[in-house]
Amino acid sequence: MDFIPLTSPDIRDEDIEAVVKVLRSGMLVQAQNVLDFEASMAAFTHAEHAIAVSNGTATLHLALVALGIKAGDEVIVPALSYVATANVVELVGATPVFVDVDIDTFNIDVNALEAKITARTKAIIPVHEFGLACDIETVMQLAQKHNLVVIEDAACALGAMQNGKQTGSFGTFGSFSFHPRKAVSSGEGGILTTSDEALAAKVRILRNHGVEMQDGKMEFVEAGFNYRLTDFQAALVNSQLKRLPQIIAYKNELAEVYFNEISHAAIKLPVVPSDRNHTWQTFHVVLDTVFDRDKVIADLREKGIGTNYGAQCIPAQQYYLKKYGLDFAKEFPNALRAFRSGLAIPIYEKLQKEQIRQIASVLNKLSR
Ligand SMILES: *Cc1c(COP(=O)(O)O)cnc(C)c1O
């Protein structure tokens, strides 16, 4: 069997031609393709504004800066995520407050959230982990009750919904990434969605060095960033966006094969609540603790299958441990379990169902 990597982006000839067209045009940064990208993302998420930026971390950073979140403020984040979700809170000088996750869905445990709200809490950044919407409806209810802003980290969840409503359109902001590990990719890239007109205007200014056009003149009204997206990156992702519904549908077919074929008692499969759809950015299983997960990754590699751990238990990472010294094993047992025993296995458009069956059969023979 040929080696099956954990992930491999599906870049087709038509995607490459779209990029080449931009390169030949000479309009390389934030031109028509960026405008088209923003328009399609606004239409897709049903948000009024979509702002394209250089990556998914920049989107979260811009959202926090535009909201004026600063030192002394607390922002609630899940203890299990890609570390960027908490890093951006640190970048604006605020304090991330961690909430454990649910071990079935790997999403923020909404039952544990309210206890973490204090007088200093300003915002919640729920993550739609691995491509499954979190219980964003309950997060929104809690946020409204306590007058908090919600920034949805939908970096890996483009197309994920709860009760038919797109992630990224519940909170004040929705943040998406187009890194090659996500469903469609611009190499690097991000989209920030919002239906707040004033915040959208502020984000556009902050994205581009703090420039605002006043009576046809450039005025520098903020100490902004350069978080612009190139037009050839936008062309690359625009071309793939046309296939997004098929990509999500096909990944669901592949996931179904895993559900039907994986039967090892020591492998816990992910759970999809009935009010949500999964977009399968990652197919993430949890191994029984009798297994040494890192040894399993090495063994699978030898057998021709690329796997990896899924996400970080953020309070257990050196920077956060040194700064906050949280007893993560006691406070975030599910996040720690997913971080230590979680395994992301291959799922992407270029894979055939037969390969998924082969992977499942190798997993079913796992032994210590
Ligand atoms: C990928 C990801 C990010 C970061 O996006 P980049 O585009 O790589 O900066 C942030 N949060 C989550 C949950 C992610 O999966």
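**Pockets and cavities in close-up**

**View 1. The second largest cavity and its lining.** About 60 Å³ of space lies in the second largest cavity of this model, which is a predicted one. Its lining is made up of Ala155, Cys156, Ala157 and Leu158, together with Ser177, Phe178, Lys182, Ala183, Val184, Thr279 and Gln281. When these lining residues are sorted by class, seven are nonpolar, three are polar and one is charged.

**View 2. The largest cavity and the residues about its centre.** The search of the whole structure finds three cavities of 30 Å³ or more, and the largest cavity holds about 130 Å³ of space. Of the 18 residues that line the largest cavity, Thr7, Pro180, Lys182, Ala183 and Glu349 lie nearest its centre. Eight residues of this lining are nonpolar, while five are polar and five are charged.

**View 3. The largest pocket and the residues about its centre.** The volume of the largest pocket is about 580 Å³. Its lining counts 29 residues, and those closest to the centre of the pocket are Tyr82, His179, Arg181, Lys182 and Gln281. By class, the lining of the largest pocket comprises eleven nonpolar, 13 polar and five charged residues.

**View 4. The helices that contribute to the largest pocket.** Which helices each supply at least two residues of the lining of the largest pocket? They are α3, which covers residues 56-66, and α4, which covers residues 84-91. Of the elements that contribute, α3 gives the most to this lining, with three residues.

**View 5. The second largest pocket, with α7 and β11.** The second largest pocket has a volume of about 170 Å³, and its lining consists of Gln30, Ala201, Arg204, Ile205, Arg207, Asn208, Val211, Glu212 and Met213. At least two residues of this lining come from each of α7, which spans 197-207, and β11, which spans 211-214. The element that gives the most to the lining of the second largest pocket is α7, with four residues. In terms of class, four residues of the lining are nonpolar, two are polar and three are charged.

Key:
Residues numbered from 1 in each chain as written. Predicted model: local features only at pLDDT ≥ 70, side-chain atom pairs only at ≥ 80, totals over all residues. Heavy atoms only, no water. 1 Å grid on protein atoms, 1.4 Å probe; cavity = no way out; pocket = protein on both sides within 12 Å on 5 of 7 lines; lining within 4 Å. Points joined across faces, edges and corners; volume = space filled by probe spheres on them. Nonpolar A, V, L, I, M, F, W, Y, C, P; charged D, E, K, R; others polar.
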